[in-house]
Amino acid sequence: MNSSLLSIPNALTFLRFLGIPLFVYLTLSIEADGWAIVVLAIGGATDYFDGKLARAWNQTSRFGELADPAIDRLYILTILIVFLIRDIVPVWIIVLLIARDLVLGLITLIMKSKGLAPFTVTYLGKAATFNLMYAFPFLLLAKSDSSLGTIAFVLGWSFAIWGIALYIATGISYGREGFSQMRGTRVINS
């Protein structure tokens with residue numbers, strides 16, 4: 001693992017982080033949905049390319065391992081809050097996705113307090129985030145009253161349904177992994 005903090009993959013992760021307040025400003029302050037969609041698309045692309053490039057160029061880092069999923073969660077939380085304010089997705093979806101992250105966050109804190117390693121991100125976990133990150137721009141575009149909005153509605157909800165299903169399924173899988181590790185620690189320490 002390369003420990004360098006200054007790398008293109010880490011810069012892409014940080015760029016995605018900077019997109020969060022910009023997205024909020026564009027959607028809530030000036031309602032520039034077109035530009036907000038561009039920010040979301042760039043966020044989705046950086047989410048894909050930061051990890052891909054880090055592995056391909058051997059530029060993985062502890063910062064990237066920790067910051068990438070944390071920024072993904074923050075990005076998703078921010079988008080969900082904005083979508084709640086703008087009435088883009090139903091409340092129950094927002095509650096479900098946020099509850100999943102809160103439960104896993106609590107399990108992660110417990111694991112850390114016991115000296116256990118954090119969850120290993122799985123391919124399905126990445127696919128869940130990927131689907132949600134691609135659903136969000138389409139769902140925002142679906143608010144437009146046009147044929148493009150209709151197409152975006154279908155695509156957005158297609159990505160969203162798969163993303164939500166995978167997000168919950170991987171949440172259950174991560175939770176089971178965490179509880180299994182904690183049970184193993186208790187047995188060893190007894």
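1. Helix α2 (residues 33–56) and helix α5 (residues 123–141) have axes that come within 8 Å and cross at roughly 165°. That makes α2 roughly antiparallel to α5 (angles over 145 degrees count as roughly antiparallel, under 35 as roughly parallel, 65 to 115 as roughly perpendicular and the rest as oblique). Axes are lines fitted to C-alpha atoms, for helices over the stretch in contact, with angles from 0 to 180 degrees between N-to-C directions. Helices are DSSP runs of H or I with at least four residues, numbered from the N terminus.

2. The model is predicted: local features need pLDDT of at least 70 and side-chain atom pairs count only at pLDDT 80 or more, while totals for chains, interfaces and linings use all residues. Residues are numbered from 1 along each chain as its sequence is written, and side-chain values use heavy atoms, with hydrogens and water left out.

3. The crossing of α2 and α5 is left-handed (the near helix is turned anticlockwise from the far one by less than a right angle; clockwise would be right-handed). Contact, meaning heavy atoms within 4.5 Å, involves α2 residues including Ala36, Ile37, Leu40 and Arg55, and α5 residues including Lys126, Met133, Phe136 and Leu141. By class, this contact of α2 with α5 has 9 nonpolar, 3 polar and 4 charged residues (Ala, Val, Leu, Ile, Met, Phe, Trp, Tyr, Cys and Pro count as nonpolar, Asp, Glu, Lys and Arg as charged, and the others, Gly among them, as polar).

4. Helix α3 (residues 62–85) also packs on α5, at an angle of about 30° and with the axes 11 Å apart. The two helices α3 and α5 are therefore roughly parallel, and their crossing is left-handed. Asp72, Arg73, Tyr75, Ile76, Ile79, Leu80 and Phe83 of α3 make the contact with Thr129, Leu132, Met133, Phe136, Leu139 and Leu140 of α5. The contact of α3 with α5 comprises 10 nonpolar, 1 polar and 2 charged residues.

5. The axes of α3 and α4 come within 10 Å and cross at roughly 160°. That makes α3 roughly antiparallel to α4, again with a left-handed crossing. On α3, Arg73, Leu77, Leu80 and Leu84 meet Val91, Ile94, Leu97, Ile98, Arg100 and Asp101 of α4. The classes in the contact of α3 with α4 are 7 nonpolar, no polar and 3 charged.

6. The whole structure contains 1 cavity of 30 Å³ or more (a set of points on a 1 Å grid over the protein atoms alone where a 1.4 Å probe fits but cannot get out; lining residues have an atom within 4 Å of a point). The volume of the largest cavity is about 40 Å³, taken as the space filled by probe spheres set on the points, which are joined across faces, edges and corners. Its lining includes Leu80, Leu132, Phe136 and Trp157. At least two lining residues come from each of α4 (91–113), α5 and α6 (147–189). The lining has 10 nonpolar, no polar and no charged residues.

How values were computed
On a 1 Å grid over the protein atoms alone, a cavity is a set of points where a 1.4 Å probe fits but cannot get out, and a pocket is an open set with protein on both sides within 12 Å along at least five of seven lines; lining residues have an atom within 4 Å of a point.
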